[in-house]
Amino acid sequence: MLSVNQKVKENTTELEKLSQKFEENILDSTKQFEKLITDKKDIEGFPATALAMAAEMASSKGHKDATAENGPWVLTLDAPSYRSVMQHAQNRSLREEVYRAYVARASSGDHNNTPIIERILKLKLEKAKLLGYNNYAEVSMEMKMATINEAEELIEELRSASWNAAIQDMEDLKNLAKAQDAIEANDLNQWDINFWGERLRELKYDINEEALRPFFSLPTVINGLFNLAKMLFEIEIEPADSLAPVWNNDVRFYCVKDSLGIPIAYFYFDPYARPSEKRGGAWMDVVFGRGRTFSHDGASPRLPIAHIVCNQTPPMGDKPSLMTFSEVEAVFHEFGHALQHMLTKQDESLVSGTRGIEWDAVELASQFMENWCYQRGILKSIAKHYETGESLPEDICLKLISARTFRAGSLMLRQLRYASVDLELHTKYMPDGSETIYDIDQRVGTRTNVIPLLMKDRFLCSFSHIFADKYAAGYYSYQWAEVLSADAFSAFEEAGLDNVKTIKELGRKFRDTILAVGGGKSPDQICELKKVNELGRDGDNLSQTLLLSSIVVFVEFRGREPSPAALLRYTGLACLSASMLNCL
């Protein structure tokens with residue numbers, strides 16, 4: 001008879017194989033969809049960048065004479081192509097076709113992830129029982145700041161604060177559609193939201209994200225980002241392509257040096273979409289962590305290496321990669337994760353970088369870096385026309401900053417749907433029970449979606465975060481960390497963003513606490529006892545031993561416990577009740 005340890009090991013091995021298959025199914029399913037367009041009427045509204053990309057895809061599929069002006073064009077489900085259709089295609093039936101295909105990825109045929117999800121959830125529940133827990137969410141919370149109840153309270157507080165704003169968002173879209181005599185004005189559906197949202201943004205702020213691409217070339221954005229890191233954290237980032245092999249010619253390799261010019265870390269940067277071999281989204285992952293265990297001499301630590309992967313629009317002809325502002329934010333976000341990994345000062349690999357940090361605090365550094373995109377001086381430094389060198393006009397710069405709160409309620413509810421269904425699946429779902437995984441998603445959708453979800457929505461089949469990554473029973477971490485990151489950034493605002501001396505001092509403090517300490521700060525006795533009492537554990541397991549208190553590190557930086565005030569100000573949402581602060 002197998003011991004508990006052996007059963008857990010077998011369980012973990014199978015889960016790893018299933019997660020890998022889950023990802024492969026998404027990739028294969030995404031690659032299967034191709035939409036050939038030959039009639040110009042079908043692509044009316046598409047920006048020049050999207051047309052060029054679609055023509056280039058057509059050329060790669062055998063249509064050698066394809067041009068951006070005359071086609072033919074091939075649309076796919078990879079992120080840049082999908083976003084272009086949803087935001088710009090005037091052909092509503094095309095938007096519907098592509099949307100339905102997107103939310104049905106990996107949900108049928110040879111690439112059906114439904115049975116894989118069911119098996120994953122069953123195995124996770126079995127693992128929880130083997131370890132003495134009631135459900136997998138309890139296992140997950142062992143390495144988080146929050147309890148299940150606190151996570152659910154946070155989600156509900158944010159949902160309540162966002163709902164009325166999202167209702168108003170929808171009314172605004174309907175009114176605009178009516179004003180333009182759109183046939184769908186009284187019956188907006190999921191494939192209409194981003195299209196009319198983009199039209200409303202253009203009208204309200206006189207901003208066209210596609211028209212701004214020439215001001216956000218990848219080389220200029222990266223240069224501005226590296227200069228920001230130099231100012232805040234006293235590091236130099238230099239190309240080091242000759243030092244390491246790469247898996248694609250587009251991949252770059254960089255060396256991070258301290259103020260004395262000594263290498264302290266390295267990272268790969270893989271920026272462009274390659275739908276045939278890369279999943280969608282953006283992420284940072286670890287190649288090597290800092291630590292002495294595998295160092296050459298056992299004295300000096302092995303240096304950390306990260307890789308940052310994005311899926312932005314690749315260069316077209318003689319043009320560099322011209323980015324949307326959303327793509328700029330994604331690069332800043334993932335670079336924040338990399339900084340957490342690379343600027344650690346912990347030589348014990350178990351607690352260096354992002355390891356050992358409670359998972360609901362791991363997004364702090366990434367979201368913190370995103371905030372700099374909306375700081376006027378930084379925005380001006382990264383936004384320069386790729387041909388003329390002209391800076392982004394001041395009025396447009398201010399409009400971009402103002403647009404930060406645009407449809408904030410709707411965007412928050414979107415994230416809360418993911419967080420809610422994640423917790424529901426890992427607390428209440430019962431294998432072979434009366435409620436299917438899709439029943440749960442639909443039930444959650446009634447509280448997070450102003451427009452009902454499609455009955456055939458199979459988004460769960462491509463929800464990699466919780467079925468093929470580390471966010472199972474932890475997707476709420478994005479919102480939890482958002483409170484921390486907004487509050488941390490507000491310290492720089494309070495000091496005066498134009499006060500370079502003070503900003504540098506705060507940046508050094510942020511590095512020496514949030515980034516450098518990582519998992520190297522033991523929790524205070526109260527935090528440890530809290531976990532023991534709530535979970536009924538004896539406190540001697542490994543997770544208890546390694547459990548850190550990110551709140552302690554945060555307080556070292558901020559001088560107090562976190563407040564949601566900054567997040568509310570940045571999002572423009574209505575004031576939350578005091579219980580949100582209490583749960584933190």
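Helices (H or I, at least four residues) and strands (E, at least two) are DSSP runs, numbered from the N terminus. Keep that in mind, since the tour hops between them.

A word on what's on your screen: this is a predicted model, where local features need pLDDT of at least 70, side-chain atom pairs count only at pLDDT 80 or more, and totals for chains, interfaces and linings use all residues. Residues are numbered from 1 along each chain as its sequence is written, and side-chain values use heavy atoms, with hydrogens and water left out.

**Stop 1: helix H9**

Select residues 218–233, which make up helix H9. How far apart are the end C-alpha atoms of H9? They sit 22 Å apart, which agrees with the 22 Å that its 16 residues should span at 1.5 Å a residue. (The expected span is 1.5 Å times one less than the number of residues.)

Now colour the buried residues of H9: Leu 218, Val 221, Ile 222, Gly 224, Leu 225, Phe 226, Leu 228, Ala 229, Leu 232 and Phe 233. Buried means under 20% relative accessible area, exposed means over 50%, and partly exposed is in between, using a 1.4 Å probe and protein chains only. An α-helix has 3.6 residues a turn, so residues three or four places apart point the same way.

Step on to Glu 234, which follows H9. Glu 234 belongs to the loop between H9 and strand S3 (236–239). Its phi is near 55 degrees, a positive value in a residue other than glycine. Glu 234 counts as partly exposed because its relative accessibility is 37%.

**Stop 2: a hidden hole**

Rolling a probe the size of a water molecule over the atoms shows where empty space is left. Searching the whole structure turns up 2 cavities of 30 Å³ or more. A cavity here is a set of points, on a 1 Å grid over the protein atoms alone, where a 1.4 Å probe fits but cannot get out; lining residues have an atom within 4 Å of a point. Grid points are joined across faces, edges and corners, and a volume is the space filled by probe spheres set on the points.

Go to the second largest cavity, with a volume of about 40 Å³. To see its lining, select Ile 222, Leu 225, Phe 226, Tyr 254, Phe 267, Phe 269, Ile 308, Val 331 and Phe 335. Which element gives the most to this lining? H9 does, with 3 residues. Strand S5 (263–272) and helix H10 (325–342) are also among the elements that give two or more. The lining of this cavity divides into 9 nonpolar residues, no polar and no charged. (Ala, Val, Leu, Ile, Met, Phe, Trp, Tyr, Cys and Pro count as nonpolar, Asp, Glu, Lys and Arg as charged, and the others, Gly among them, as polar.)

**Stop 3: the core**

In soluble globular proteins, nonpolar side chains tend to be buried together. A nonpolar core is a set of buried Ala, Val, Leu, Ile, Met, Phe, Trp, Tyr and Cys residues joined through side-chain atoms within 4.5 Å. The largest one has 137 residues, and Phe 216, Phe 233, Phe 267 and Trp 372 touch the most other members. Helix H7 (residues 148–179) gives the most to this core, with 10 residues.

Select Phe 216, in the loop between helix H8 (190–205) and H9. Is Phe 216 buried or exposed? Phe 216 is buried, because its relative accessible area is 0%. Leaving aside neighbours within four places in sequence, its contacts (heavy atoms within 4.5 Å) include Val 221, Met 323, Leu 379 and Leu 400.

Next, click on Trp 372: not counting residues up to four places away in sequence, it touches Leu 228, Leu 232, Phe 332, Ile 378, Phe 489, Phe 492, Leu 497 and Ile 503. A second, separate core of 25 residues includes Ala 54, Ala 55, Leu 77 and Tyr 99.

**Stop 4: loops to look at**

Zoom in on Gly 71 and Pro 72, joined by a cis peptide bond with omega of about -5 degrees. Pro 72 lies in the loop between helix H2 (48–60) and strand S2 (73–75).

Then find Asp 432, in the loop between helix H14 (408–427) and helix H15 (437–448). Asp 432 is not a glycine, yet its phi is positive, about 65 degrees. Asp 432 is exposed, because its relative accessible area is 75%.

**Last stop: a pair across the sequence**

Asp 172 counts as partly exposed, at 28% relative accessibility.

Terms used
On a 1 Å grid over the protein atoms alone, a cavity is a set of points where a 1.4 Å probe fits but cannot get out, and a pocket is an open set with protein on both sides within 12 Å along at least five of seven lines; lining residues have an atom within 4 Å of a point.
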